[in-house]
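Here is a short briefing to read alongside the structure. Have the viewer open and follow along by topic.

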Amino acid sequence: MTTSPDGEHDSHDIVAPGPQSPRSELAVAALLVAAAVSAIAFIVVYSLEKFSTQHELLGITLAASFAFVAAALLLFGERVLPSEEVAEDYPEAAAPMEQEEVAKVMEESTSGITRKRLLVGAGGTAGGAIGLAALTPALSMGPWIDVAPLYRTPWRPGRRLVDDKGKPYKAEEIEQETFYTAFPEGSSDRNLGASLVVVRVDPAALRLPPERAGWAPEGILAFSKICPHAACTVAIYQKPTYGPTQPGPALVCPCHYSTFDPAKGGEVLFGPAGRPLPQLPLTVDAGREIRAGGNFSDAIGPSWWGIEMEEPH
Ligand code: FES
């Protein structure tokens, strides 16, 4: 103890006991509880997903939680912890006596706090709730990291390929030596699996895997526009300027120059991509419009999404 029974400063104490302030301690505890409640509100808002202002509410609840913690710490430092300034000559070397004194200072610094358990409990509750709130978004990946949503795409058999204005592509519009960007009709172009790069090659040059026979009517091919290396957009179509000595046309990702051969079903010719560009089967209907014949040959996106864990569906 730092005070004698009559409340006087014990002559052996180093830190004079500060004025006890149970009200401030209660206020600190209340702020920490408020921080915990705000963090729990974040978890509830995130889990329910029912509010039109979902993002705003998530931001408000999390910000409130941190603000309450900050206010609690400020109040604790200002009103609850005693402050002590000790100025003395720097000792020559650490000696057991001085070390004991330092330990005593540390111990006595909290002697004025009357509700230590309450404060520790409130601090633990706030810390636990905020930690839980930080982990909650990870639960969206499912009980054991459900990667299935990453493999879903809006492409279905019969879905028309449209341009960025929603106009369906006709087979005649697809020319050689250039490329086109296409989207699934009626689907948001913000869907990662939506965007396609469409090219036409000489049908005689096609070297598709046997199971993809018929995926490129009239030499028209479609591939995911997302590079399987690190998800950049495949945005360059390289064509030979002197055919006899140069390789055929190729799709190129501008980020690290992964190069894909459309005639061979998106096979990697060069660069760091570890697998071919996923190909989408195509058909041309009676009205000459281009439609999807099914889903991609492979999961779209970079390989670190767990490409070998599940087939696309
Ligand atoms: S992201 Fe395409 S090559 Fe790296």
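This is a predicted model: local features need pLDDT of at least 70, side-chain atom pairs count only at pLDDT 80 or more; totals for chains, interfaces and linings use all residues.

**Helix α2 and its cover**
- The buried residues of α2 are Gln54, Leu58, Thr61, Ser65, Ala72, Leu75 and Val80.
- Helices α1 (22-48) and α4 (116-135) are among the elements that cover these buried residues.
- As background, an α-helix has 3.6 residues a turn, so residues three or four places apart point the same way.

**The four-stranded sheet**
- Four strands form an open sheet in the order β5-β6-β7-β8, and their pairing is antiparallel.
- The edges are β5 (236-238) and β8 (267-270); each has a single partner strand, so one side of each lacks a neighbour in the sheet.
- From one strand to the next, the twist averages 35 degrees.
- Strand β5 runs antiparallel to β6 (residues 250-252), and three bridges join the two.
- Tyrosine 237 sits opposite leucine 251 of β6.

**The chain as a whole**
- The protein chain has four helices and eleven strands.
- Of its 313 residues, 35% are buried.
- Taking contacts between residues at least 6 apart in sequence, 60% join residues at least 24 apart.
- The chain exposes about 18,200 Å², with carbon and sulfur atoms supplying 59% of that area.

Definitions and conventions
Residues are numbered from 1 along each chain as its sequence is written. Side-chain values use heavy atoms; hydrogens and water are left out. Two strands pair if DSSP finds at least two bridges between them. Axes are lines fitted to C-alpha atoms, for helices over the stretch in contact, and angles run from 0 to 180 degrees between N-to-C directions. Buried means under 20% relative accessible area, exposed over 50%, partly exposed in between (1.4 Å probe, protein chains only). Contact means heavy atoms within 4.5 Å. Accessible areas come from the Shrake-Rupley method with a 1.4 Å probe; for residues, only the protein chains shown count as cover.
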